[in-house]
Amino acid sequence: MDDFISCPLCDGRGTLANTSLQRCARCHGRGAITTTFAPHTQPVLGRMPWESACPDCRGTGQRYGPAVVACAMCSGHGTIPRAAIAVN
Ligand SMILES: [Zn+2]
Ligand SMILES: [Zn+2]
């Protein structure tokens, strides 16, 4: 009589650990960020646009995604309609 079953992808938790690499949001995948000055340079050079390695991704331009995301199969509900997997 139950039309919903525990989601097989997330075991009913509704969330998944996301370990996929994603483009870094801070540097937009460039691996570097531009600042308007660098404190350790001489003042005459202080206004030069300055590229430095992105601290969020350490210059790689990629980061691991959020540790936990909503399950793609059940959209975070933890259950899916039985009919959704009845095709097989
Ligand atoms: Zn970055
Ligand atoms: Zn799920």
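**Overview of the chain.** The chain has 8 strands and 0 helices, where helices (H or I, at least four residues) and strands (E, at least two) are DSSP runs numbered from the N terminus. Along the sequence these elements follow the pattern β-β-β-β-β-β-β-β. The structure is a predicted model, in which local features need pLDDT of at least 70 and side-chain atom pairs count only at pLDDT 80 or more, whereas totals for chains, interfaces and linings use all residues. Residues are numbered from 1 along each chain as its sequence is written, while chains are lettered from A and ligands numbered from 1 in the order in which they are written. Of the 88 residues, 10% count as buried; a residue is buried if 20 or more other C-beta atoms, placed from the backbone, lie within 10 Å of its own, exposed if 12 or fewer, and partly exposed in between. Among the contacts with a separation of 6 or more, 71% are accounted for by residues 24 or more positions apart, a contact being a pair of residues whose C-beta atoms, placed from the backbone, lie within 7 Å.

View 1. In soluble globular proteins, nonpolar side chains tend to be buried together. When residues up to four places away in sequence are not counted, cysteine 71 touches Cys7 and Cys10, and also Leu9, Gly14, Thr15, Leu16 and Gly76.

**View 2. Threonine 15 in strand S2.** Threonine 15 lies in strand S2 and is partly exposed, because it has 14 C-beta neighbours inside 10 Å.

**View 3. Glutamine 62 in strand S6.** Glutamine 62 belongs to strand S6, which covers residues 62-64, and counts as partly exposed because 15 C-beta neighbours lie inside 10 Å. Between the C-alpha atoms of glutamine 62 and arginine 23 there are 4.6 Å in space, against 39 residues in sequence. Contacts of glutamine 62, not counting residues up to four places away in sequence, are made with Leu21, Gln22, Arg23, Cys24 and Cys57.

**View 4. Two loop residues with positive phi.** Most residues other than glycine have a negative phi. Aspartate 11, which is not a glycine, has a positive phi of about 60 degrees, and its place is in the loop between strand S1 (4-6) and strand S2 (15-17). With 11 other C-beta atoms within 10 Å, aspartate 11 is exposed. Histidine 28 likewise has a positive phi, near 55 degrees, and sits in the loop between strand S3 (21-23) and strand S4 (32-35); histidine 28 counts as exposed because it has 11 C-beta neighbours inside 10 Å.

View 5. Asparagine 18 is placed in the loop between S2 and S3 and counts as partly exposed, with 15 C-beta neighbours inside 10 Å. From C-alpha to C-alpha, asparagine 18 and tyrosine 64 are 7.6 Å apart in space and 46 residues apart in sequence. Isoleucine 85 is found in the segment after strand S8 (79-81), where its 12 C-beta neighbours inside 10 Å make it exposed. The C-alpha atoms of isoleucine 85 and proline 8 are separated by 9.6 Å, the residues being 77 residues apart along the chain.

Technical notes. Contact = placed C-beta atoms within 7 Å.
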